[in-house]
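Visitor: I've got a structure open and I'd like to learn how to read a few of its features. Could you walk me through some side chains?
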Amino acid sequence: MIVAGAQLGAARAAVAIIGGGVLIMSGATSFAIVITINPGSTLQLDNNKTESVNDNGTLDLDGFNLTSDTFTGNGVVTNSVASSTSTLSVSGTSAFGGVIQNGAGTTALTTTGGVFPLPAANTFT
């Protein structure tokens, strides 16, 4: 499923990807979004700000950056676009047990205002 263009709303939305599906969201959001990625599923985000992400599948930053207040789960974060750098920015205390890895492109991580332990063997730059 592809959701393209600006997603505008008043308050908050929730998105869950289940059953091995792929969801591609492009365009800026102007509301708080809570995202759950279930095992076997993939979310591809383009330039979004989220309230929280629970990644138990695959989060493909797709050459863009993602800012989230919290980031949890045991999934994979990667960047599939060659010759690009995508940054995951987390601003709150989170517990992510998954793997952040470079894909065809570079995946970067920044954290501010909280604790973000990385217990897994991560391979991001």
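This is a predicted model: local features need pLDDT of at least 70, side-chain atom pairs count only at pLDDT 80 or more; totals for chains, interfaces and linings use all residues.

Visitor: Is Thr78 buried or exposed?

Guide: Buried means under 20% relative accessible area. Thr78 comes out at 12%, so it counts as buried. Leaving aside neighbours within four places in sequence, its contacts include Thr58, Asp60, Gln101 and Gly103.

Visitor: Which backbone nitrogen lies 3.1 Å from a polar atom of the Ser86 side chain?

Guide: That's the backbone nitrogen of Gly63. Ser86 lies in strand E10, residues 85-90, and at 0% relative accessibility it counts as buried. Beyond four places in sequence, Ser86 is in contact with Gly63, Phe64, Asn79 and Thr107, among others.

Visitor: Now the rings. How do I read an aromatic pair?

Guide: You describe a pair of aromatic rings by the distance of the centres and the angle of the planes. Here the count comes to 2 aromatic pairs. In one of them, Phe71 and Phe96 have ring centres 4.9 Å apart and planes at 65°. Over 60 degrees counts as edge-to-face, so that's what this pair is.

Visitor: Where do Phe71 and Phe96 lie?

Guide: Phe71 is in strand E8 (residues 66-73), while Phe96 is in the loop between E10 and strand E11 (99-100), so the pair ties together parts 25 residues apart in sequence. Both Phe71 and Phe96 are buried, and together with Phe116 they form one aromatic cluster.

Key
Residues are numbered from 1 along each chain as its sequence is written. Side-chain values use heavy atoms; hydrogens and water are left out. Buried means under 20% relative accessible area, exposed over 50%, partly exposed in between (1.4 Å probe, protein chains only). Contact means heavy atoms within 4.5 Å. Helices (H or I, at least four residues) and strands (E, at least two) are DSSP runs, numbered from the N terminus. A polar contact is a pair of N or O atoms within 3.5 Å; within protein, one must be able to donate a hydrogen and the other to accept it, and residues adjacent in sequence count only if both atoms are side-chain atoms. Rings of Phe, Tyr and Trp (its six-membered ring) pair if their centres lie within 6.5 Å; planes under 30 degrees apart count as stacked, over 60 as edge-to-face and the rest as tilted.
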